[in-house]
Amino acid sequence: MDNFKRKFVEEAHDLLNELEVVLLKIESDSENKETIEHIFRIMHTLKGNSAMFGFNLIDQYTHQLETIYDLIRNGKMIITSDLMDLTLASVDHIRNLLDEDAGSKIEITTTHSILLKKISQIIEGKNLPAAGIKLDSSPEVEELKTYYVHFKPNPEILSNGTNPLYLVEDFKALGEYLPLPCMELLPALDELDPEKCFTSWEIILVTSEDIDKINEIFIFAEDSCTLDIQELGAGNLLADQSFCSRLKESVSLNKTIGIQKIQEIIVSRDSTKEKGDTLKPQNINDVSNKLKNISSIRVSSEKLDELINLVSELVTTQAGLSLIAEKINEKELLAVAEDIEKLSRRLRDNTFGIRLIPVENMITRFQRLVRELSHELKKDIAFIAEGTDIEMDKTMIEGLIDPIMHIIRNSIDHGIEEAGVRKKLGKEKQGKIIFKAYYSGSNVFIKISDDGAGIDVNLIRQHAIKKGLIQQDAALNGKEILDLIFLPGFTTSENITKISGRGVGMDVVKRKISDLRGEVSVETKINSGTTITIKLPLTLSIIDGLLVEIDKAFFVIPLSSVNKCFEFKHETLVNAVNNLIFINDGHIPFIYLRKEFEITSPVPEIEQIVVIEYGDSKIGLTVDKVIGEYQAVLKSLGNTFRKQDIISGATILGDGTVALVVDPNKIISQFTYKNLTNINN
Amino acid sequence: MIMEKESGFQTYLSFQLNTEVFAINVAMVLNILEMKHITRVPKAPDYIKGVINLRGTVLPVLDMRIRFGLPEMVNTVDTSIIVLSLDFNGEEFRIGILVDAVKEVLELKSAEITPSPTIGSKYNSDFIEGMWRQNDSFIMILDILKVLTSDENIDFCDMVEE
């Protein structure tokens, strides 16, 4: 696919996303004219672009859709729920069509013809609204007015896929018109760029419509032309012989006549007719040089990644500089180093900020999910999103979509009861799913709550026992039991539905969220609902860590999981019974990392233990030396070390060496026996 | 590059491992670094030496001697890291290889490269793209992608999917 096509596809996806958002909006507010206009506009752009890039199926399809929304726009049709279903299905379908070889896939072509058929049924009037809803058309008594329109396309108009001749022709629909082309800008043949437009038009239009209708013709060309529309006066000037003949005298291909000249003609005609009231043109609308503010720039994510890499490098280099400056201890150098440190920190924060996008971006998907699933399950559910302006890293948002979709699916399927049950329980008929995002400290929280049935803790316990996940007599508190739902293969649903309940579920949700270095927790109350909270770090690329040393190699342990550090003599550790160490009147199991990492070099006399919070228990990791806190810019290790999942990444220290960032949870799960946590309990 | 192909010449970079000389197509070579501190990655296969800092990015380094089953040698002043940029199904993949010494850049005529013998070869013949005779000795031209992809620890297929 060439570059332009790729751009188009990218843009089309954006347009479709936008369309989806607007469609969902209009469902709750179907009278909003502006929104309908917006839908129409998106469809039109999509149609034009797809035709230009040879996506004929999309062109053909959107053309039909556009027709429907044109009817709606003109008040000749109303939006029904069926139509919404169809349009949303169409959005999905067009997405599929964007795949270049879509035309050769049978499923797609079948859907294509089915949907087209449905659309034409709707257009043929099977869904015409009741007569009363039809908007009042303009009064029958037509008052004709004459307008002067100077339409001057920009030379580049053709490259947008707009054909100015069609625009001129569109006047036909408004009434009687007289187009006067002018080519004064036309260069000599050898200088002529055939891809540019040099012709402008002056159009005298007689119509009963108002000026807005004329503007509407140019609605999609506004930015690529200069437009001047003036009212010449009431009545049909084109029917006036003397006006026409005088006008013809002034017509010349090489020169615009200009509004002034035309007014003169009118005046002279008027004076010959001895009519006193001169028609003064009012400048009604001047859309010339209308520039839209550029509020955002499209940048490829590779460019951003490159920028972030460079900034990270700068931060690392700066750390090196600070190190040297301290060593040399020159006052002036120290000052400069300090300034650079401040600057690079700000630069870093700003750069990382670029990657942040509002949570808003994923909400549409959830809205659609709720809409479609609740229809399917015949439940009445409202989806409420709060805090959608909270910004998060783009990759993080992308990684969150699937798990959250799953959570919402669970809420709809298992959580929210059918209307009858809800009524019996004295709840509102309509169920609610609330999505809420907010900052707290250096974390982002996302809460998804429903007001459904809640989770029966006893049921979970019984299931877990039945499946052999826990012992019959295991002493677990409510929270611990709830955490069982995150175990692989756990489901309480008796009948497996299409939507959820196949046992691949919450464990995947948990895994995906911990991949993003986040945590999930559940709260629930029978008959009043369930809340699932996801806690995430602000960015994926910087972590606060504890820098430690093992055998001259540096490791970073994420500070969020570090509890405390202690010093021990090597022999104490060697002689420890059952790998348990006595710290602060409690026994804590520890993992001797030197042994696990297969390091055989001489051991320091005094070693340190970093106590890690692992779930509800604490586990120590031995290191040679704790160096201190360190802000690590996370770098990927790449796929070479895919199997070494105890290492989650790397970071570059001030002196240029690489330190590995460890994942303490993975270390603990990999190097401990399963019963170790039991010993602790 | 195209010019060279037309004239039948290809450019190779030769390097030494133990006592043998190997060569790789220069198009894959990004740069050559002096031996520097390599951070060992725990629990990684033995021939994956670890990672280095390549201008702000983390680059894995393979020890070619261990990869080819040659005895491990002590690092010398000649020990170098050749940074390769490999194209795998359209994705760039960077890796460093540790060699005993970087020798020279050779312009070889494609016609002079003979296929490697399949029998009696010390190395897995899949890894050798061809042989080139230089005076009395042979230079083995490596198919470096095969060397890397034949290893289940570096799963290229998965990488592309992810």
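In chain A, 69% of the contacts with a separation of 6 or more join residues 24 or more positions apart. A contact requires two C-beta atoms, placed from the backbone, within 7 Å. The model is predicted: local features need pLDDT of at least 70, side-chain atom pairs count only at pLDDT 80 or more, and totals for chains, interfaces and linings use all residues. Residues are numbered from 1 along each chain as its sequence is written, while chains are lettered from A and ligands numbered from 1 in the order in which they are written.

Chain A holds 21 helices and 22 strands. These are DSSP runs numbered from the N terminus (helices H or I, at least four residues; strands E, at least two). Of the 681 residues in chain A, 28% are buried. Buried means that 20 or more other C-beta atoms, placed from the backbone, lie within 10 Å of the residue's own.

Leu86(A), Thr87(A), Ser90(A), His93(A), Ile94(A) and Leu97(A) are buried in H4(A). Viewed down the axis of H4(A), its buried residues fall within an arc of 120 degrees, so they line one face of the helix. The arc is taken over the directions from the helix axis to the C-beta atoms.

The contact between chains draws 23 residues from chain A and 22 residues from chain B. On the side of chain A that touches chain B, helix H10 (301-328), strand S21 (647-652) and strand S22 (658-662) each supply at least two residues. H10(A) gives the largest share of that side, four residues.

Definitions and conventions:
A residue is buried if 20 or more other C-beta atoms lie within 10 Å of its own, exposed if 12 or fewer, and partly exposed in between; C-beta atoms are placed from the backbone.
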